[in-house]
Amino acid sequence: MSERKTAVDDAGSGLAVMLLHGYPFDRAMWRAQVAFLSTNGFRAIAADLRGLGETKATGPVSTMDEMARDVAALMDELEIDRAVICGLSMGGYVALEFVHLFHTRVSGLVLAGTRAPADNEQEKLVREQQAQRILAEGLNGIAEATLPKLLAPKTLAEKPDVVVQVRQMILRSDPNGAAAAQRGMAVRRDYSSDLAHIASPALIIVGREDPIRPVADAEFMHRMIANSRLEIIEDAAHMTNMEQPEVFNRSLLRFLEKLL
Ligand code: MLT
């Protein structure tokens, strides 16, 4: 366990890339990117967002605002002034909040499997039900119910190691922390009107078969962010970076090299 408030993997040197995981995952989901980026001239920092992995929650709701401020505090501790902020799904909400709060600290933005609009009332209700279910029963049920949405059929059939890694990540999440993150997502802002103000270069990534945050969500962000590029990854659903790490890494590297 790191002595920092936020647990991290920090490898390599050069332009820093902050890797922000989704829900209910932890920094282990970025293992392939940390290895790849740190051997290709970049500093890769994968952080456990509050309440997940080894970073503790501080209350019953972990907001995207608090998580974004945690990332800024972590960058201060690591003496990183500006970084590329890369988030998947919930990590993407945190990245959008971060660029809103600290745009001068962003040299590039990577938004994977995420979306700009806030939840509607029905979605908020489902999140609250899920938070209560997690607190009562743990994460077992969530893991089994969500795996077929998180991973494409080809991944489920042909990449048993990825299936095991994703399942284990979900199962080791702390129920209190996961419920707090779920409630934090329910109260997140609508980022849609922020998009036109994003000046930093952006890479938007989506899995062709993602039922959770489908291609249309990514196309919307691509239309609204002026300096953005859209990458649609085939044979992947929600966990693009784990399902198709070579394609994801190639696309990331192409984007990062243009920022140097
Ligand atoms: C995630 O993967 O982070 C979640 O699916 C995001 C969400 O529930 O909106």
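**Ligand site and salt bridges**

An N or O atom in the side chain of Arg213 lies 2.8 Å from an oxygen atom of the ligand. The model is a predicted one, in which local features need pLDDT of at least 70 and side-chain atom pairs count only at pLDDT 80 or more, while totals for chains, interfaces and linings use all residues. Residues are numbered from 1 along each chain as its sequence is written, and side-chain values use heavy atoms, with hydrogens and water left out.

**The ligand and its surroundings**

- His238 also has a side-chain N or O atom 2.8 Å from an oxygen atom of the ligand.
- For Ser89, a polar side-chain atom lies 2.9 Å from an oxygen atom of the ligand.
- Taken alone, the ligand exposes 270 Å², and the protein buries 91% of that; accessible areas come from the Shrake-Rupley method with a 1.4 Å probe, and for residues only the protein chains shown count as cover.
- The residues around the ligand, each with a heavy atom within 4 Å of it, include Gly22, Tyr23, Phe25, Met90, Tyr93 and Arg127.
- Met185 and Ile212 are also among the residues around the ligand.

**Salt bridges**

- The count comes to 24 salt bridges, a salt bridge being a side-chain nitrogen of Lys or Arg within 4 Å of a carboxyl oxygen of Asp or Glu.
- One of them joins Arg27 to Asp9, with the closest N and O atoms 3.3 Å apart.
- This pair links distant parts of the chain, 18 residues apart: Asp9 is in strand E1 (residues 8-11), and Arg27 is in the loop between strand E2 (15-20) and helix H1 (31-38).
- Helices (H or I, at least four residues) and strands (E, at least two) are DSSP runs, numbered from the N terminus.
- Arg189 and Asp194 form a salt bridge at 2.8 Å, N to O.
- Between Glu231 and Arg229, the closest N and O atoms of the salt bridge are 3.0 Å apart.
- A network of salt bridges links Arg115, Asp119, Glu123, Arg127 and Arg188.

**Exposure of the paired residues**

- Buried means under 20% relative accessible area, exposed over 50%, and partly exposed in between (1.4 Å probe, protein chains only).
- Arg27 is buried at 14% relative accessibility, whereas Asp9 is partly exposed at 31%.
- Asp194 is buried, with a relative accessible area of 13%, while Arg189 is partly exposed at 30%.
- Glu231 counts as buried at 12%, and Arg229 counts as partly exposed at 36%.

Terms used: Polar contact = N/O pair within 3.5 Å; in protein donor to acceptor, adjacent residues only side chain to side chain.
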